[in-house]
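Reader: I've got a model open and want to talk through its charged pairs. Can you walk me through the labels?

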Amino acid sequence: DAMKIGGPDDNDFGLICRYQNRENFYLLVVSSDGYYGIAKLKAGQYSMIGSDQLQYSSAIAQGQALNRIRADCIGPSLRLYANDQFLMEAHDVDFSAGDVGVLAGTYQTPGVDILFDNFVVLQPEP
């Protein structure tokens with residue numbers, strides 16, 4: 001569960017999977033203005049996976065609202081959900097294992113505050 005409590009709606013927040021180090025991981029994000037996407041940071045270079053840009057969905061609660069975010073990182077498949085709605089799937093094989101976590105940031109205007117709660121990690125069955 002994630003909720004913006006302050007700062008701009010032009011932000012992103014979500015989940016990290018297969019974290020290798022600060023320059024190599026996947027990120028599955030939504031924003032307070034209703035956008036979502038899957039991306040990776042590889043050797044410090046950011047790139048979108050599965051689409052060229054963030055996409056809009058009315059399933060994402062906007063402004064200072066609670067969003068339940070889910071990321072499934074299983075094999076080469078990366079799936080993103082918001083509020084129990086499937087948003088997108090992408091495939092990539094650069095990182096096969098690593099740590100998980102949360103992230104939040106902004107684009108032009110700094111100072112977003114996102115609260116995270118109920119962070120649960122489950123390992124898929126083989």
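This is a predicted model: local features need pLDDT of at least 70, side-chain atom pairs count only at pLDDT 80 or more; totals for chains, interfaces and linings use all residues.

Reader: Then why is Arg 79 called partly exposed?

Author: Its relative accessible area is 25%. That value falls between the 20% and 50% cut-offs, so Arg 79 counts as partly exposed.

Reader: And what makes Glu 89 and Arg 79 a salt bridge?

Author: Their N and O atoms are 3.5 Å apart, and the limit is within 4 Å, so the pair qualifies. Glu 89 sits in strand β10 and Arg 79 in strand β9, so the bridge ties together parts 10 residues apart in sequence. Glu 89 is partly exposed too, at 33%.

Reader: What about Asp 72: buried or exposed?

Author: Buried: its relative accessible area is 13%, and the cut-off is under 20%. Asp 72 forms a salt bridge with Arg 70, at 2.7 Å from N to O. Arg 70 comes out at 43%, so it's partly exposed.

Reader: How do you know that Lys 40 and Asp 92 form a salt bridge?

Author: The closest N and O atoms are 3.0 Å apart, and within 4 Å is what's needed. The pair links distant parts of the chain, 52 residues apart: Lys 40 is in strand β4, Asp 92 in the loop between β10 and β11. Both residues are buried.

Reader: How many salt bridges are there in the whole structure?

Author: Seven.

Terms used. Residues are numbered from 1 along each chain as its sequence is written. Side-chain values use heavy atoms; hydrogens and water are left out. A salt bridge is a side-chain nitrogen of Lys or Arg within 4 Å of a carboxyl oxygen of Asp or Glu. Helices (H or I, at least four residues) and strands (E, at least two) are DSSP runs, numbered from the N terminus. Buried means under 20% relative accessible area, exposed over 50%, partly exposed in between (1.4 Å probe, protein chains only).
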